[in-house]
Amino acid sequence: MSRIPHSLRSPAAVIGFALLFLQILLILFAPLLSPYSPVEADALASLQPPSAAHWFGTDITGMDVFSRVIYATRINLLISVVSVAVAFLIGVPLGLFIGYYKGIVSSLVMRLFDFIQAFPIFVLGMALVAVMGQEIWNVAIVLAILFTPVFARLIRAEVLSLRERPFVAAARCSGASDLHIMFGHLLLNALLPAMVQVSISIGMAILLTAGLSFIGAGVRMPVPEWGLMVSSGAQQMILGVWWVSLFPGLAIVFSVLCFALLGDVIRDLLDPTKTRRAVSTSTDIIPGIGGPL
Amino acid sequence: MLTGLRRFQQMLPRSLQIILPRLLLLAPQMFGVLFVTFFLIRLLPGDPAVLLLGNMATPEAVAQLRERLGLNDSIWVQFIAYCRNVLHGDLGISIFTSHPVLTDLMERAPATLELIFYAMILTVAIGLLLAVVSVVRPGGFTDVATRIYGLAAGAIPDFWIGLILIFVFFSKLGWAAAPFGRIDAMLSEPPYVTGFYTIDALVAGDFGVLHSAAGRLLLPVITLAVVNAGALMKMTQSVFGKVWASPFVRHARASGVPERVIIRAALRNSLPPIITIVGFLVGFLLGAAVLVETIFSWGGLGQYAVQAVMNSDYPALQGFILVAAAFILVVYLIVDILYELVDPRIRV
Amino acid sequence: MQEVPSVPLLRIDSLRVESITPTSAPPFLQGINLRLMPNEILGVVGETGAGKSLLARAILDLLPEDLRVTEGEIFSRERPLSRLSPAERRAFRGGEVALIGTNAKELLDPVVTVGSQLVRVLRSHHRVSRREAWARAVSLLAEVGIVNAKERAHAYPHELSGGMAQRVVIAMSLISEPKVVLADDATLGLDATVSVQVLDMLVERTRKMGVSVILITHDLGIVAHYCNRVAVMRSGRIEEIRDTVDFLARPDHRYSQDLLEAAKARPIPWVRSIGKADTPLLEVSNLVKIFPGKRPGEEVRAVDGVSFLIPPSETLALVGESGSGKTTIGQCLVRLLQSDSGRVLFDGQEITTLSEARFRPLRRRIQMVFQEPYVALNPRWRVRHLVDEPLRMLDKLTSAERLKRVHGMLELVRLPARYAELYPYELTAGEQKRVGMARALISRPDFVIFDEPTTALDIRVRAQIIDLVRQLQSDMQLSALFITHDLNSVRSLAHNVAVMNRGRIVEMGSMEEVFARPKDPYTQKLLAAELGIEGIHGPQGSAAAKKKGTVD
């Protein structure tokens with residue numbers, strides 16, 4: 001048998017990695033792959049249905065939908081990946097500390113998270129972007145603010161249960177210091193559920209970015225962005241012009257789907273209980289393996 | 001002092017023992033929400049008074065508002081002034097509509113609540129049913145179908161699926177009602193009782209209005225349910241699946257208890273986490289309503305908030321956020337109380 | 001009984017159970033032939049993975065989804081079970097053959113009162129009114145020894161102790177008056193005294209009701225004391241099935257002999273080291289540890305004025321049941337818990353008042369072997385790192401030197417050197433225990449605390465661990481505190497014994513003295529609850545039951 005774990009060979013994993021690979025290709029080779037400029041309007045070619053010249057048709061200003069969908073991969077993934085990375089880098093150590101040390105500071109931070117998360121995430125995001133100014137980087141900053149509590153809470157919850165586990169007591173008996181226990185023992189065990197959350201959060205960030213742009217609280221025209229493109233076709237949709245909104249929407253679906261699938265794959269891959277079960281069922285029925293004595 | 005309080009608490013019936021401390025907790029939580037909404041506006045560069053009044057404001061009006069908000073005082077005094085205004089129901093004047101924000105919000109709240117209410121019922125029905133069937137009959141058609149649906153539903157943007165539904169069922173097939181508001185423009189609103197057009201029309205006995213209102217609700221409710229039922233289903237699957245695999249279910253089966261009795265018992269055991277999930281769902285739906293209302297010109301709170309964003313109408317935005325958060329807090333409060341009431345294991 | 005006595009209640013003919021996915025692995029069960037007669041208690045004994053529980057599940061037709069009966073047949077009063085309709089099968093489960101499982105608290109629906117759960121089972125099998133069913137439930141709860149059954153029927157499972165919950169599960173199995181009860185390790189995890197009470201009660205009730213029992217267990221003591229016949233299982237087969245008395249006297253199979261041998265205590269053959277004993281290595285005086293109680297202002301004195309001495313290279317066993325405070329003492333000694341008062345002198349130095357920084361160098365000399373092997377090892381670390389952690393924390397060695405020490409330690413605990421690269425989940429429970437020991441011993445400590453080293457291990461593995469500890473004691477001249485509820489292992493391991501009950505030491509002395517002539521009533525009760533396998537002449541219940549004459 002090959003050394004590739006079973007969970008990496010499931011159809012879900014294959015589709016997930018294929019979509020990821022495709023997106024990386026689109027990001028790297030957007031200028032080569034797109035037949036037109038993503039921002040150049042052509043008033044003569046307004047609202048043309050999909051054809052050989054314009055595979056996905058054109059929008060009301062005559063911009064090529066196909067080229068814009070390709071270029072938007074850059075913007076959408078950039079915002080999502082950067083914001084989740086920032087949230088991860090801040091949230092994980094923060095969660096580790098507030099989980100390990102029970103004190104006033106920890107509970108204050110938790111209360112602050114409670115307040116932030118009392119707001120519906122989309123509503124708060126919308127308000128923050130509106131207040132900070134509608135720019136690409138502000139959208140990323142806002143998403144980072146929204147996702148930081150998610151990671152911090154997740155890590156904290158893990159740490160809270162992990163720190164009561166006997167292996168932490170065993171480490172202390174071996175003379176391990178707080179820092180060693182936090183970073184040597186707890187972080188590694190707590191990080192894996194966070195990895196799953198990273199993938200899911202990137203998907204959520206893509207949806208949020210698109211949603212914000214859709215209502216006009218995100219990036220502005222003519223920047224190629226999927227949500228904005230769906231929005232620009234919304235008025236014509238009722239009149240039967242479907243291609244302007246359909247294709248960028250499909251791009252969102254596949255992009256989010258990709259990260260959801262990868263999240264599932266990571267979960268399966270890193271779940272030690274699954275591996276343990278597989279091993280124990282195979283050894284339990286073999287007699288005499290109890291010890292080599 | 002504290003032990004005295006505890007003793008007093010222990011004399012109350014269990015349900016009150018659960019509810020009272022939760023209610024007490026609501027006050028600091030609301031305070032926290034006020035804090036966040038207040039500083040949200042302070043993030044803005046420039047003079048808050050000018051922002052709150054709009055660029056057209058006269059210097060006198062700006063000076064007057066500066067006085068009322070206490071902008072010349074320290075930030076903490078300002079915060080207290082803000083809290084006082086909110087407590088008196090003064091959320092400011094909308095720049096865009098020139099009405100008091102509170103009036104605007106009250107007017108639009110029933111539209112949003114009606115939408116969320118029906119979306120919620122449909123979401124819970126779909127989500128729970130699919131989850132239970134897929135867990136009880138693993139490997140069957142439903143199991144595979146729900147797995148695909150669960151993945152897809154999480155990836156579909158609600159604003160986009162709403163547009164697709166409009167295109168297919170209104171523009172192409174002509175089955176659905178037009179996506180322009182809560183009721184046919186030719187009809188007049190039913191007399192106000194609850195603010196829910198469907199219920200008010202029923203009360204008034206006006207079936208024409210009822211038909212129109214229900215028809216208009218159909219697509220936005222389906223949009224919200226299709227997207228959110230997937231998440232609810234996945235979470236219920238994991239909760240119910242865990243209970244379904246637990247030793248007591250196996251033991252009940254070994255004791256010859258009929259399958260439908262076991263399913264009921266397992267559902268009863270999954271209830272506490274499901275209640276929590278449904279609580280979160282209200283939050284999701286409120287956020288999603290912002291987008292869906294815009295598409296269907298619903299005229300509710302969500303659309304109001306979007307207009308506020310586009311017109312830089314900060315008092316309206318601030319007011320909307322405050323009300324949304326307060327609403328969510330109350331929902332969470334109810335959820336917490338229900339959770340503890342249905343789980344006898346929770347020690348009060 | 002209306003049955004003709006010669007018809008077996010349960011007959012299993014050449015049963016074979018296999019995985020539905022074709023594998024080269026041997027079948028999970030094969031060639032199982034068994035007859036259960038009326039009024040019989042049949043013991044099924046074997047180690048983990050022998051297929052005991054699978055046999056019970058096969059009888060109830062509740063095999064895991066990926067397993068199938070591929071050969072043979074099970075008959076209930078000569079009716080083949082494979083011919084039953086789904087409705088008949090449901091009625092058969094619980095109606096004719098009822099199951100009592102392990103870990104009773106998990107077998108009860110957590111959000112329903114225990115009375116209603118009994119009603120639920122009864123009404124699944126008999127057409128009775130709700131009120132009548134409730135009355136039956138209450139009276140049965142009283143019969144299984146639940147005090148104040150009328151009120152207790154309204155209790156939720158989380159409000160019951162483990163022993164109580166087990167009684168409820170037994171009541172649940174008996175309520176629809178089955179012909180056969182399958183007790184699958186029913187008392188696993190209960191304290192010995194409770195376990196004996198529950199088993200005595202179970203046997204007495206089933207005798208009275210004319211119910212036959214299949215008692216599945218890994219404990220030969222239970223078989224010896226309660227069963228008429230015994231079936232020894234190993235890797236999916238029945239090795240031998242015999243009369244209990246014959247079996248204990250002369251087991252046929254090599255494997256059975258090994259099992260019986262492993263279950264016996266080993267006398268302590270080694271002499272005490274003389275001369276060094278004048279200054280004790282560890283001296284504990286008046287140790288107190290208080291925990292906050294469930295209600296505010298309430299406190300629980302988990303350790304209540306405990307004093308003892310441990311001379312160099314001697315072992316003291318701290319025995320007692322769960323909640324007696326013995327583990328708390330161990331945690332106070334390694335400073336996982338801060339004691340509230342009292343003195344602990346280690347090698348003449350007071351350690352309770354030392355700061356953590358000053359205590360750290362001493363950790364090399366005081367080590368602890370943790371109870372649950374899997375959870376006490378970081379699941380994401382390799383054995384190599386798990387074992388050398390104390391070295392990395394406390395010594396300055398190069399990684400090559402550390403690896404050499406690790407290999408040396410693994411050899412000492414009888415693990416192959418290649419295990420250094422494995423993760424804990426790749427090891428069996430016995431191997432995990434060994435890794436735990438290697439880790440505690442690598443810093444060459446003078447004093448080691450063994451927390452329940454023999455619990456939850458199979459008979460032979462347990463014997464291997466005991467032999468290993470004995471050898472380490474003599475090779476390394478260790479002083480040890482041995483915390484356990486397994487009295488049999490104390491016989492093989494300890495020089496001195498301290499018996500704990502509710503935070504206090506009720507009796508202390510040399511092992512031989514305490515075991516042979518216990519003075520304290522609590523010690524006597526503990527020893528009476530021990531189900532030994534020596535000198536048994538047939539099923540007789542526990543010594544405690546004999547002494548009292550009746551149960552409960």
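Select helix 6 (166-173) of chain A, then strand 16 (366-369) and helix 16 (429-441) of chain C: each supplies at least two residues of the lining of the largest cavity. Helices (H or I, at least four residues) and strands (E, at least two) are DSSP runs, numbered from the N terminus.

This is a predicted model, where local features need pLDDT of at least 70, side-chain atom pairs count only at pLDDT 80 or more, and totals for chains, interfaces and linings use all residues. Residues are numbered from 1 along each chain as its sequence is written, chains are lettered from A in the order in which they are written, and side-chain values use heavy atoms, without hydrogens and water.

**Stop 1: the cavity.** Stay on helix 16 of chain C. Helix 16 gives the most to this lining, with five residues. The largest cavity has a volume of about 120 Å³. Now pick Val369(C), Phe370(C), Ala376(C), Gly436(C) and Arg439(C), the closest to its centre of the 16 lining residues. A cavity is a set of points on a 1 Å grid over the protein atoms alone where a 1.4 Å probe fits but cannot get out; lining residues have an atom within 4 Å of a point.

Colour the lining by type. Nine residues are nonpolar, four polar and three charged.

Stop 2: Select residues 10-260 and 282-527, which UniProt lists for "domain: ABC transporter" (unreviewed entry). Residues 10-260 are 41% helix and 25% strand.

Terms used:
UniProt positions renumbered as here; feature names shortened; annotations may be inferred. 1 Å grid on protein atoms, 1.4 Å probe; cavity = no way out; pocket = protein on both sides within 12 Å on 5 of 7 lines; lining within 4 Å. Points joined across faces, edges and corners; volume = space filled by probe spheres on them. Nonpolar A, V, L, I, M, F, W, Y, C, P; charged D, E, K, R; others polar.
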